[in-house]
Amino acid sequence: MKASDAGQGAGYWYPPTTEGATHHAATGIDVLNALRAYRTVESGLRRALSQRLSINDTDLGALRYLLGVWQKDEGASPKELALALGISSASTTLVIDRLEKAGFIRRRRHPVDRRAVILEPGDRATDEFRSAFDIEKRGVLAAADGLTAEETETVTRFLRSMEQAIADAVRQPDHTIGS
C-alpha cells in the first residue's frame, strides 16, 4: 500500500461509494477490501461445511489440519493437534471425542510407543468430509491456476507480508485506551 492510500484508510472499513465513479487504478485499499470480501465468503463456506457435517468450527479446523497431515501419509498426535489449533490439551480431548463419536477419526496406539495415541481417518473422513472439501478445493485451485507466474509471485509475496504483519500484531503487547 502506498502512503497515498493512508489518507483513504477509512475506505478499508467503509467501502467508498461507486456512485458516479469512473474506473480508477486499484489501490492498496481496494486490495484489502477484496481480501476482506474473500474472507467473508470463505467464512460462510466454513459455516456451511460445519452445518453440512454437523460439527462446530473448531472441529472443522481440526479436520482441515488432520486432512493435511493424512495427505502426507503421516499420523498426528493429540499434542500436535492441540498446537495446530492453539487450544489446551483438555479442549483437544473434547474435540477428539466429538470427532471420534461422529466417525471422522479413530484413535490408534502408536506402533512403537504404546503409551502414545495416533489419530487416523475414520470412515466419514474418507468419504463425506473429503467430498465436502473437494468443492472448495476445485474452485480455489482453478482461481490460482489462472494466475500468470508474475501474478503468482506478487500474490504470494503480498500474502506472506500480510501473514507476517498479523503475526507481528499478535506478538505486540496489549495497549489499552488511555494508557
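I started with Arg-64, which counts as partly exposed at 29% relative accessibility (buried is under 20% relative accessible area, exposed over 50%, partly exposed in between, with a 1.4 Å probe and protein chains only). This is a predicted model, where local features need pLDDT of at least 70 and side-chain atom pairs count only at pLDDT 80 or more, while totals for chains, interfaces and linings use all residues. Residues are numbered from 1 along each chain as its sequence is written, and side-chain values use heavy atoms, leaving out hydrogens and water.

Next I checked the partner: Arg-64 and Glu-42 meet in a salt bridge at 3.8 Å, N to O (a side-chain nitrogen of Lys or Arg within 4 Å of a carboxyl oxygen of Asp or Glu). Arg-64 sits in helix 4 (residues 57–71) and Glu-42 in helix 3, so the pair ties together parts 22 residues apart in sequence (helices are DSSP runs of H or I, at least four residues, and strands are runs of E, at least two, numbered from the N terminus). Glu-42 counts as buried, at 16%. I also found a network of salt bridges linking Glu-42, Arg-46, Asp-57 and Arg-64.

Then I looked at Asp-59, whose side chain meets that of Arg-98 in a salt bridge at 2.8 Å, N to O. Asp-59 lies in helix 4 and Arg-98 in helix 6 (residues 89–101), so this pair ties together parts 39 residues apart. Asp-59 is buried at 2%, whereas Arg-98 is partly exposed at 36%.

My tally for the structure is twelve salt bridges.
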